[in-house]
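I opened the notebook for this model today.

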Amino acid sequence: MKTFAVIVLISSILIVSPVASSSVVYVNVNRPGSFPGNGSSWGLAYHGIQQGINKAAAGDDVWVARGTYAERITLKLGVALYGGFAGNESDRDLRDWKANETVLDAQNNGYIVTVPTGAAADTRIDGFTLQNGWTIQCWYSSPTISHNVLKAIVFSAIVCYSSSPTISDNVFTGSTGGVISCQDSSAAVITGNLITSNKGSAVGCIDSSPLISNNRIIGNTANVASGIWCARSSPTISGNVFARNRGAAVLCEQGSSPAIVCNTITTHRMTEYAFPGVGVLMNNSSPTICNNIIAFCDFALLYAETGSAPVIRSNCDYGNRDAQPYPAPGFDVSADPQFVDPANDDYHLAPGSPCINKGWNDAPGLPALDMDGEGRIASGLVDIGADELWPTMVEIEVIPSKINLRSNGLVGVIVYSTESIDATSLDPTALRLAGAAVAARGNGSLHCDTTDVDADGDLDLVLKFRANELALDGNATSITLTGVDPTGWPIEGTCNVVTARG
Ligand SMILES: [Ca+2]
Ligand SMILES: [Ca+2]
Ligand SMILES: [Ca+2]
């Protein structure tokens, strides 16, 4: 009863005198009626975005419904501007920004979005198609720019001066003066973007060391570097796909030492100025080049002039037209990386790729996630390139769990059927326990049976292996079963064991 009274009291306070808290200002260019609106609901939405921003206070959201807005806007400190609403949502998570295209068209009148100096990550533009305007400039400001399509922006799409914006999950296309420029100690975070069909460098770094990770940079042209240009800069360039671009994927000059790690660089060809398609071009620079695929380009690496001392380790080169002495030191794999469908820009590794588990786990700048957002190290060893291939995990049990590696006896392994896999569908001849094949019986048949061990209604697989055939040392605390499912996709299961050499 007491609780009820308190709730009633609080409710009436809220109704009588709302306390200042974050709220939403609504904008819908297509709201019927010509009355001005006050932005307090979808029904009373403003018709213009800048009106909504002007009404909002720091901490507020501005929600903008689909349609075309012929405006140039100035963001406000601490205000988050979201486009992509149908115009009836009650929760921001309900918006579908791809389905509800919200176009901000500057009609070639100048800067399309002005970001105030001093902006932090809570100043945001998210969910718009930005077109027919000039560059978004960040001067000493670090807003969040996410889920936008920046189309045919005049000059560079985004220029950062002493600014560290988060630029994530956008599409950049049709820029003619480069795409993103980071200058004067700008440590932008540039992730998950698709940068395609632009002219000039995807990211230019001048005295700046941004994080450039897990982007797709495809089908761009430039005079020299259509990918990343580094001058006196040491960005981390990790997990990106560079494909079908002209010129260099990464150009390092004037004492740049970027970490170039886990990228897939392929089909870089000559520019219209006859500059060759190069994986990494170095001029008086010392990048770290690890775990990258550089395939089907003109050159994998190219040294211009002198003074470069790169650290190169665990890369794949294949099918590059010209050869510095190949395989060069640090290019450990010189075989076809086996992309799944490069004709359709699918640069995943096919099962069986020689790049799987051939990278260096401790490479500087190793990204936490691969290009799919999956963990970066599967099967204990990182793969070379932007993709990590994750086997389907199976649940196994080893009996006995204490294994004498000198014994000629049998070790039993149960592979349980689960929702993700029917264990009985696995080909026993392809299964390996710590490298060992399934043991054969006296009559030559394999020690392989099916029975429902855990009585859950699904048959499980019961295998036997010879203890002395296991490639384990006496200190091993776990053991791994590998194989392939009926589609050829790898499977893997690990379980704890105690080993000894008795
Ligand atoms: Ca791996
Ligand atoms: Ca993956
Ligand atoms: Ca079962």
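This is a predicted model: local features need pLDDT of at least 70, side-chain atom pairs count only at pLDDT 80 or more; totals for chains, interfaces and linings use all residues.

Residues are numbered from 1 along each chain as its sequence is written, while chains are lettered from A and ligands numbered from 1 in the order in which they are written.

**Entry 1**

Strands here (E, at least two residues) and helices (H or I, at least four) are DSSP runs, numbered from the N terminus. Pairing requires that DSSP finds at least two bridges between two strands. Within this pair, I see Val-398 opposite Val-413 of β40.

**Entry 1: an open sheet of five strands**

I looked up another open sheet, of 5 strands in the order β37-β46-β45-β41-β42, with mixed pairing. β37 (392-393) and β42 (436-437) are the edge strands, each with a single partner strand, so one side of each has no neighbour in the sheet. Strand β45 (residues 478-484) pairs with strand β46 (residues 490-496) in the antiparallel sense over 7 bridges. I checked one bridge: Val-484 has Pro-490 of β46 as its partner.

**Entry 2: the chain as a whole**

I stepped back to the protein chain. Its secondary structure comes to 2 helices and 47 strands. The C-alpha atoms fill a box of roughly 90 × 80 × 35 Å along the principal axes. The chain has 502 residues, and 45% of them count as buried. Buried means that 20 or more other C-beta atoms lie within 10 Å of the residue's own; exposed means 12 or fewer, partly exposed is in between, and C-beta atoms are placed from the backbone.

I noted the domains next: domain 1 (21-199), domain 2 (244-390) and domain 3 (392-500). The bounds come from an automatic or database domain assignment. Between domains 1 and 2, the C-alpha centres lie 34 Å apart.

**Entry 3: the largest nonpolar core**

Which residues touch the most other members of the largest nonpolar core? They are Val-62, Ile-228 and Val-280, in a core of 105 residues. Such a core is a set of buried Ala, Val, Leu, Ile, Met, Phe, Trp, Tyr and Cys residues joined through C-beta atoms within 7 Å. Strand β25 (residues 248-253) gives the most to this core, with 5 residues. Domain 1 and domain 2 both contribute residues, so the core lies between them.

I listed contacts for Ile-228, where contact means C-beta atoms, placed from the backbone, within 7 Å. Beyond four places in sequence, its partners include Cys-205, Ile-212, Pro-235 and Val-250. A second, separate core has 22 residues, among them Ala-423, Leu-433, Leu-461 and Leu-463.

**Entry 4: strand β25**

I returned to β25. Of its 6 residues, 6 are buried, so the strand is largely enclosed by the rest of the structure. Strand β22 (residues 225-231) pairs with β25 in the parallel sense over 5 bridges. There, Ala-231 stands opposite Glu-253 of β25. Strand β28 (residues 278-283) also runs parallel to β25, joined by 4 bridges. Cys-252 has Met-282 of β28 as its bridge partner.

**Entry 5: two leucines**

Is Leu-150 buried or exposed? I find Leu-150 buried, with 30 other C-beta atoms within 10 Å. Leu-150 sits in strand β12 (residues 149-151). Leaving out residues up to four places away in sequence, Leu-150 touches Leu-130, Ala-157, Asn-170 and Phe-172.

Leu-94 is exposed, with 10 other C-beta atoms within 10 Å. I located Leu-94 in the loop between β5 (80-85) and β6 (102-105).

Definitions and conventions: Two residues are in contact if their C-beta atoms, placed from the backbone, lie within 7 Å.
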